[in-house]
Amino acid sequence: MAVRIQLSSRSLVARLLLHPLGRVLAVVSLLGALAGLCVFAYYYVKFSRLVDGKLRSGPFPSTSMIFAAPRTVNLGDAVTPEEIVAQLRRTGYGESRQSRMGWFHVRPDAVEIFPGPDSYFEQEPGVIKFAEGRVVEIISLRDNTPRTKYLLEPELITNLSDRNREKRRLVRFADLPKVLVDAIIAAEDKRFFQHAGFDPLRVIKAAYVDLKERRIQEGASTLSMQLARSFFLDYRRTWRRKAAEVLITLLLEQRLSKQQIFEYYVNQIPLGRHGSFNIHGFGEAALAYLGKDVRELTLPEAALLAGMVRGPSLYNPYRNPERARQRRNVVLALMRENGFITEQQYREATQAPLRLAPPGMESTDAPYFVDLVNDELSRQFQEHDFQGEAYRIYTTLDMDLQRAAAEAVRAGLQEIDERIRRRRRREPDLPDPQVALVALDPQSGAVKALIGGRNYGVSQLNRVLAKRQPGSAFKPFVYAAALETAVLGAHPVITPVTMITDEPTTFWFDNRPYTPSNYKNEYHGQVTLRDALAKSMNVATVKLAQMVGYDAVEALAERAGMNLRIEPTPAIALGAYEVTPLEIAGAYTVFANQGVYSRPYWITLVRDRAGNVIYTHRPVQRPVLDPRVAYIMVNLMEEVLRSGTGAGVRARGFLQPAAGKTGTSHDGWFAGFTSRLVCVVWVGFDDNRELNLEGAHSALPIWAEFMKRAAQLREYRNASDFQPPDGVISVEVDPLTGQLASPGCPARRLEVFVSGTEPTTLCRLHGGAVQVASWDIPPPAPAPPAVEAQPQRRVAQAAKPAPAAQPQAGPGAEPAREEKKGFFRRLLSVFK
């Protein structure tokens, strides 16, 4: 029977071929097959070239890497081998010698570190030895000599391609934790390591489910197909796109190993948005959603991220936490069904709460700082394509300090928002206040931490670069210009005990009146410079600027790096001209760095893709103030924190030696420093409306919180007292008169002076007007003798220039003439 059917079939074909129409059909079929083969060959060659070109240039060729500053390990540091290993892993080191960044070897009492060809360093290996939780020895393996410190590899801040605002953090297959690999396989393609790019069983299952549900309910794409689609194609569902996807999948399976395909997949897959960026890859997703390195993922965390692949927006744990938790548990169930985890592990993981990175403030990737770096690169290196090629940019950012800044801003904004919430009852359209924080190394000017706003996803405006009136945060430069009279030979010589009358006054300049007022219209009469700065008295400060000259104040501000377009007018004394928080931070290095200005910078080194150095930063510094004047200013600003408008810093628990100044304009400011760190905080509205919160109640809480957190970090823990340079003398004075304290003075204060400018007259109120010399007070230097600058007379409201200040008799005045006495007569006069 079978033979008959076969013969009849052959005879049928023969008869068809003998028929003219049959021959036409045969020719058409052959031509169609040839055409189909040609089309297939054309597209095969086309996509083959496309795939080969992509793989040859690298799958992510346009990813430039921005790194933080290296971390230092010192002898005696309280740190464990596990902490060093965790840091090395975060920087890309592994235990395999094939790691291009570097590798390490763990011994029972030490960690051996070997930088690789992609390292920041010149490949000096070393070993760090531990005992009782501390570093006890550091040895260079280059020459087996001991070291006092060792620099660890800089940590990656971010991989950023600005053209599409995509962020990814590249990871290798060897660095992926097994729980993440198992979670992805269970959720997306459980036979990935067995099939050749297509899973026939899954195709049949998907077709059955779709027919049953009468809609597209289940997909059949493997990881290879998803990679082909995301790398080379768009997401339109057409037969042409699907055919191209099949071809590319075949090519990828031929060209790459399964581990390579999986590695490309985990680095390319889109996983939602964080802020204003599209997150690609599990390395970036782990940081964005969980705040940790992908190597540190736990089982429930790995399942959470793997579950997001199905719908990154739908299962976003910030927007839909319950839906994300349910999807996580589905993935955990799939892992249990496929034998990846036990029943006990499944139960524990499903009960685990979602532990996410705090939303809102982005810290670890420092987006405002990254924008600052990108702007600098675009400005300085226009001939280089940093967005189209893989450069390595090394910066000054301290990752631990950046996290501290983000946490401090978050905590401080809660307090400010509560005040604004009460105000919204009267002003319902009031926007959210914004914030800026910048912290510098005063010795070098290196930017260590930077926050440019409360939420980068909402607004990318970097307030660190926004020009605003600094208010009283500018006043230290008025007082510094005045104290310079002690070293410049000017007259009168102004010292911290110079008396000024703080009272309502109108100043005239260019035939125009200027009438400042004090906070709450409170005036204090005769005050010393120290008290005027500590209590931030406006009228007294303008009088001081008039005494020294507005142009002298302007010149000092310009030397201190403030690129402000100002005029030498009375308003300059109260910070009425606009500057940026970054400029104020740079200017304050003059005080923290013994009179030397350190220009802020944030890029230290740039290497191209081949590792060639194309830029190395050289710090820019210049002397601005005499070190003696700088120290006296520091001492005055310490008083601000001790008894003045900045006393809230101490009340909030920050107790390190520090100095600073509040500022209030439309906004709130606080600028301050220790011997290790300068920090400036600004709080205000973007539209420049009145914040109606003093700097002491807006910026100061954030500054204090940040400095407390910084003090817990090893690099900033041991801030030292500010040491006076040669040529500064301390003398006890009466706080009321500013004259030498006598035995009868009920209160006395230790005051600092440039040697030779200290007062030589005993307190008139409590001990009589007597000039003395003692072994504690050296005779005046050849510089002009100290002259108590007299309070300026109140200017009448008439439209005429204010008369110059004239000496007046009064508690702060020196006697007009005094008989010159010999040494023994002066000594005896003390006891009269």
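What is the order of the strands in the open sheet of 5 strands? I noted first that the model is predicted. Then I read off the order as S3-S4-S5-S6-S7, and the pairing is antiparallel.

I looked at the edges next. Strand S3 (102-107) and strand S7 (145-147) stand there. Each has a single partner strand, so one side of each is left without a neighbour in the sheet. I also looked up the twist, which averages 25° from one strand to the next.

Entry: I picked strand S5 (residues 126-131) and strand S6 (residues 134-140). They pair in the antiparallel sense over 6 bridges. In S6, Val135 stands opposite Phe130. As a reminder to myself, strands of a sheet pair through backbone hydrogen bonds.

**Entry: the helix on the sheet.** Which strands does helix H3 lie across? I found that H3 (residues 81-90) lies across S3, strand S4 (110-115) and S5. Against S4, helix H3 runs at about 20°.

**Entry: cysteines.** How many disulfides does the structure hold? I counted 0.

Is Cys745 buried or exposed? At 8% relative accessibility, Cys745 counts as buried, because the cut-off is under 20%. I checked Cys679 as well. Its relative accessibility is 0%, so Cys679 counts as buried.

Terms used. Residues are numbered from 1 along each chain as its sequence is written. This is a predicted model: local features need pLDDT of at least 70, side-chain atom pairs count only at pLDDT 80 or more; totals for chains, interfaces and linings use all residues. Side-chain values use heavy atoms; hydrogens and water are left out. Two strands pair if DSSP finds at least two bridges between them. Helices (H or I, at least four residues) and strands (E, at least two) are DSSP runs, numbered from the N terminus. Axes are lines fitted to C-alpha atoms, for helices over the stretch in contact, and angles run from 0 to 180 degrees between N-to-C directions. Contact means heavy atoms within 4.5 Å. A disulfide is a pair of cysteine sulfur atoms within 2.5 Å. Buried means under 20% relative accessible area, exposed over 50%, partly exposed in between (1.4 Å probe, protein chains only).
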